[in-house]
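Let's walk through this one together, question by question. Have the sequence and the structure open while you read.

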Amino acid sequence: MTKAEFLSQLNEKISALPDTDIAERISFYSEMIDDRIEEGITEEEAVAAIGTVDEIVKQVIAETPLAKIAK
């Protein structure tokens, strides 16, 4: 999966969060992928190394106060 595909899927799956939270998460994972690419691995390997979109969504939801999700 490419970085763009990954970030697009992540954005779609966390769309219930406030816009600022979405932007922060997208920025965080974008930078994480870029950092791994700079270390010399391919884009696809960098994306695979951080986990699946579903795993990350579960983590994001677990870390997010319910009041932010319910809005």
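Q: Which residue forms a salt bridge with Asp54?
A: A quick note before the answer: this is a predicted model, where local features need pLDDT of at least 70, side-chain atom pairs count only at pLDDT 80 or more, and totals for chains, interfaces and linings use all residues. Residues are numbered from 1 along each chain as its sequence is written, and side-chain values use heavy atoms, with hydrogens and water left out. A salt bridge here is a side-chain nitrogen of Lys or Arg within 4 Å of a carboxyl oxygen of Asp or Glu. For Asp54, the closest N and O atoms are 2.5 Å apart, and the partner is Lys13.

Q: How many residues apart are Asp54 and Lys13?
A: Helices (H or I, at least four residues) and strands (E, at least two) are DSSP runs, numbered from the N terminus. Asp54 sits in helix 4 and Lys13 in helix 1, so to speak two distant parts of the chain, and the pair links them across a separation of 41 residues.

Q: Is Asp54 buried or exposed, or something in between?
A: Buried means under 20% relative accessible area, exposed over 50%, and partly exposed in between (1.4 Å probe, protein chains only). Asp54 has a relative accessible area of 41%, and Lys13 has 41% too. That puts Asp54 in the class called partly exposed.

Q: How many helices does the chain have?
A: From the N terminus on, the elements run α-α-α-α-α. There are 0 strands, and the count of helices is 5.

Q: What box do the C-alpha atoms of the chain fill?
A: The box is taken along the principal axes. Its dimensions are roughly 40 × 20 × 20 Å.

Q: What share of the 71 residues in the chain is buried?
A: Start with the surface: the chain exposes about 4,600 Å², with carbon and sulfur atoms supplying 52% of it (Shrake-Rupley method, 1.4 Å probe; for residues, only the protein chains shown count as cover). As for the buried residues, they make up 30% of the chain.

Q: Why do the buried residues of helix 1 line one face of the helix?
A: Helix 1 covers residues 3-13, and its buried residues are Lys3, Phe6, Leu7 and Leu10. An α-helix has 3.6 residues a turn, so residues three or four places apart point the same way. Seen down the axis, with the arc being that of the directions from the helix axis to the C-beta atoms, the buried residues line one face because they fall within an arc of 90°.

Q: Which residue forms a salt bridge with Lys3?
A: Lys3 is buried, with a relative accessible area of 17%. Its side chain makes a polar contact with the side chain of Ser30 at 3.0 Å; a polar contact is a pair of N or O atoms within 3.5 Å, where within protein one must be able to donate a hydrogen and the other to accept it, and residues adjacent in sequence count only if both atoms are side-chain atoms. Leaving aside neighbours within four places in sequence, Lys3 is in contact with Ser30, Ile33, Asp34, Glu43 and Val47. In the salt bridge, the closest N and O atoms are 2.7 Å apart, and the partner of Lys3 is Asp34.

Q: What arc do the buried residues of helix 2 cover around the axis?
A: The buried residues in helix 2 are Asp21, Ile22, Ile26, Tyr29, Ser30 and Ile33. They lie on the same side of helix 2, because the arc they cover is only 160°.

Q: How far does helix 2 reach from its first C-alpha to its last?
A: Helix 2 (residues 19-38) has 20 residues. The expected span is 1.5 Å times one less than the number of residues, which comes to 28 Å for helix 2, and the model is close to that, at 28 Å.

Q: Which residue in helix 4 does Arg25 pair with?
A: Arg25 is partly exposed at 21%, and it forms a salt bridge whose closest N and O atoms are 3.3 Å apart. The pair links helix 2 to helix 4 over 38 residues, and the partner is Glu63.

Note on methods: Contact means heavy atoms within 4.5 Å.
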